[in-house]
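Subject: Structure for your attention

Dear colleague,

My notes on it follow.

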Amino acid sequence: MATTTRGKVLRELKSSGRGTCPLCGRTRIKLLYDHINEEGETIKVCKICRPKKKLIKK
Ligand SMILES: [Zn+2]
């Protein structure tokens with residue numbers, strides 16, 4: 001599976017994958033991780049808010 005959190009893939013995303021994290025409110029941070037909120041919607045969150053069990057080794 002291709003990585004979607006690094007390299008030129010980011011530049012193809014809207015705003016290079018950056019935005020305001022809906023969970024922690026950090027601005028201009030990269031929103032790279034899928035997170036399912038309480039309503040069952042999938043939202044993009046920053047690395048700090050990503051689901052812990054989906055940690056990826058570098
Ligand atoms: Zn966050």
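In this predicted model, strand E3 (residues 33-36) and E4 run antiparallel and are joined by four bridges. Within this pairing, Tyr33 stands opposite Val45 in E4. The two strands form a hairpin with five residues between them. Gly40, in the turn of that hairpin, has a positive phi of about 85°.

As for the overall fold, the secondary structure of the protein comes to one helix and four strands, which follow the order α-β-β-β-β from the N terminus. Of the 58 residues in the protein, 22% are buried. Among contacts between residues at least 6 apart in sequence, 13% join residues at least 24 apart.

With regard to confidence, the mean pLDDT of the protein is 82, and 86% of the residues score at least 70. Helix H1 (residues 9-12) has the lowest confidence, with a mean of 82, whereas E2 has the highest, at 91. Where pLDDT is low, the predicted coordinates should not be read in detail.

I turn next to the metal site. The zinc ion is coordinated by the SG atoms of Cys21, Cys24, Cys46 and Cys49, at 2.2 to 2.4 Å. Along the chain, these donors follow the spacing C-x2-C-x21-C-x2-C. Cys21 and Cys49 are a pair that links distant parts of the chain, 28 residues apart. Cys21 belongs to the loop between strand E1 (18-19) and strand E2 (29-30), while Cys49 is in the segment after strand E4 (42-45). Both of these cysteines are buried. The arrangement around the zinc ion is tetrahedral, because the four donor atoms subtend angles of 104 to 113°. For reference, the ideal angle for four tetrahedral donors is 109.5 degrees.

The largest nonpolar core has nine residues, and Cys21 and Cys49 are among them. Leaving aside neighbours within four places in sequence, Leu32 is in contact with Thr4, Thr5, Leu10, Lys44 and Val45.

Val9 is found in helix H1 and is partly exposed, at a relative accessible area of 29%. Not counting residues up to four places away in sequence, Val9 touches Thr3 and Thr4. Arg28 lies in the loop between E1 and E2, the loop that also holds Cys21. Most residues other than glycine have a negative phi. Arg28 counts as exposed, because its relative accessibility is 73%.

With kind regards

Technical notes
Residues are numbered from 1 along each chain as its sequence is written. This is a predicted model: local features need pLDDT of at least 70, side-chain atom pairs count only at pLDDT 80 or more; totals for chains, interfaces and linings use all residues. Side-chain values use heavy atoms; hydrogens and water are left out. Donors are N, O and S atoms within 2.8 Å of the metal (3.2 Å for Na, K and Ca); water is not among the atoms, so sites may look incomplete. Four donors count as tetrahedral if all angles lie between 85 and 135 degrees; four count as square planar and six as octahedral if opposite donors are over 155 degrees apart and all others between 65 and 115; anything else is irregular. Buried means under 20% relative accessible area, exposed over 50%, partly exposed in between (1.4 Å probe, protein chains only). pLDDT is the predictor's confidence in each residue, from 0 to 100. Two strands pair if DSSP finds at least two bridges between them. A nonpolar core is a set of buried Ala, Val, Leu, Ile, Met, Phe, Trp, Tyr and Cys residues joined through side-chain atoms within 4.5 Å. Contact means heavy atoms within 4.5 Å.
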